[in-house]
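Hi,

Here is the structure I promised to pass on.

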Amino acid sequence: MIDLDHHDSMLPAAVKWIEPTTGEIAGRLLDEAALPAGARILDVGAGTGPLVVAAASRGLEVVGVDIAPLTTTYLTGRVAALPLASTDLADANALPYPDDSFDAAFSVLAAMYAGPGALTEMRRVVRPGGTVAIVHWARSYMSPYTRIIWETSPELAVNLPALTPADFTAALTGAGFTDVRVAPITAGYALPAADEFLLEFSPFVITHPGYRAMSPTQRAGLDTALAARVRRIETGEEPRPPFEALVAWGRA
Ligand SMILES: C[S@@+](CC[C@H](N)C(=O)[O-])C[C@H]1O[C@@H](n2cnc3c(N)ncnc32)[C@H](O)[C@@H]1O
């Protein structure tokens, strides 16, 4: 299984490849939430901060919390000039905020990695009636990128359980949220050039035991096979894998 604990190793790839997609999603969530200027919101697993930056630019007071130190340092620098935005380094399972201290909380491809405690914590820190919106992968192969890697080399399977709408609803309801509704959410994404695909996503792959077990020859073979697959997608010989995620909305 890909090591999801080492999010910091993904920082350059997150800035370049993940954030344009999650930024699109962040904008859509904020549009739909339609919070009044001055509302105080929390972004759990803020990462490089697309939702934090978008929220501050809409006049929302926003705190981005993340467990990855390097990523949080990056985000702290990024928002230093934004008076409405701040960051904290903390585990989503033990949020360092009093009860009912936010009007809304968001988490894009993050809280569900952190485990059920993160949902309970989001419920605790959002005031009664406040909004929560959580996005997570719908499929066991997660992103289009990890799907391409997994399907090209099954030893590199991601092995995350697929999340059904019923599971997602049950997770939020179990954490005490009401008015829970789950819907598919999709977004565009950029694909690295064929010859650069493995290089760009190497931080994700190198922590995988299946990759570590490969010989140099096998690794070169993986590089060639991934490039060939991406080239087929580029030329339209193969369909581009869709971005398949779900968004769960609820009220604290
Ligand atoms: C795929 S990134 C998404 C980042 C950002 N939300 C975005 O939309 O671009 C997942 C983020 O969740 C964070 N994360 C994972 N587990 C966490 C936990 N237990 N507490 C806080 N953050 C966590 C990671 O450090 C990483 O920055």
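Aspartate 179 counts as partly exposed because it has 13 C-beta neighbours inside 10 Å. For the burial terms, C-beta atoms are placed from the backbone, and a residue is buried with 20 or more other C-beta atoms within 10 Å of its own, exposed with 12 or fewer, and partly exposed in between.

Two things to keep in mind as you read. This is a predicted model, in which local features need pLDDT of at least 70 and side-chain atom pairs count only at pLDDT 80 or more, while totals for chains, interfaces and linings use all residues. Residues are numbered from 1 along each chain as its sequence is written.

Leucine 109 has a positive phi too, near 55 degrees, and is likewise a residue other than glycine. You'll find leucine 109 in the loop between β4 and α4, and it is partly exposed, with 19 other C-beta atoms within 10 Å.

Now the strands. β1 (residues 40-44) has 4 of its 5 residues buried, so it is largely enclosed by the rest of the structure. On one pairing, β1 runs parallel to β2 (residues 61-66) over 5 bridges; strands pair here if DSSP finds at least two bridges between them. On another, β1 is parallel to β4 (residues 102-108) over 3 bridges. Isoleucine 41 takes part in both: its bridge partner in β2 is valine 62, and its bridge partner in β4 is alanine 104. Aspartate 43, for its part, stands opposite phenylalanine 106 in β4.

β4 is buried along its length: 7 of the 7 residues are buried, so the rest of the structure largely encloses it. β4 also pairs with β5 (residues 126-137), in the parallel sense over 6 bridges, and there alanine 104 stands opposite threonine 131.

On to the helices. In α5 (residues 116-125), the buried residues are Ala118, Leu119, Glu121, Met122, Arg123 and Val125. Their cover includes β1, β4, α4, β5 and α7, judged by contacts, meaning C-beta atoms, placed from the backbone, within 7 Å.

In α8 (residues 197-205), Phe197, Leu198, Phe201, Phe204 and Val205 are buried. They cover an arc of only 90 degrees around the axis, which puts them on the same side of α8; the arc is that of the directions from the helix axis to the C-beta atoms. The buried residues of α8 pack against α1, α6 (144-152), α9 (209-212) and α10 (216-235).

Helix α10 also holds aspartate 223, which is partly exposed, with 16 other C-beta atoms within 10 Å. The C-alpha atoms of aspartate 223 and alanine 194 are separated by 9.3 Å, and the two are 29 residues apart along the chain.

Leucine 163 lies in the loop between α6 and α7 (165-174) and counts as buried, with 20 C-beta neighbours inside 10 Å. Leaving aside neighbours within four places in sequence, leucine 163 is in contact with Met112, His136, Trp137, Ala138, Phe168 and Leu246. Its C-alpha atom and that of alanine 110 are separated by 14 Å, at 53 residues apart along the chain.

Last, the ligand. There are 21 residues around it, and Thr22, Gly45, Gly47, Ala110 and Ala114 come nearest; a residue is near a molecule if its C-beta atom, placed from the backbone, lies within 6 Å of it. α1 (11-33) and α4 (111-114) each supply at least two residues of this shell, and α1 gives the most, with 3 residues. By class, the shell has 11 nonpolar, 7 polar and 3 charged residues, where Ala, Val, Leu, Ile, Met, Phe, Trp, Tyr, Cys and Pro count as nonpolar, Asp, Glu, Lys and Arg as charged, and the others, Gly among them, as polar.

Cheers

Technical notes
Contact = placed C-beta atoms within 7 Å.
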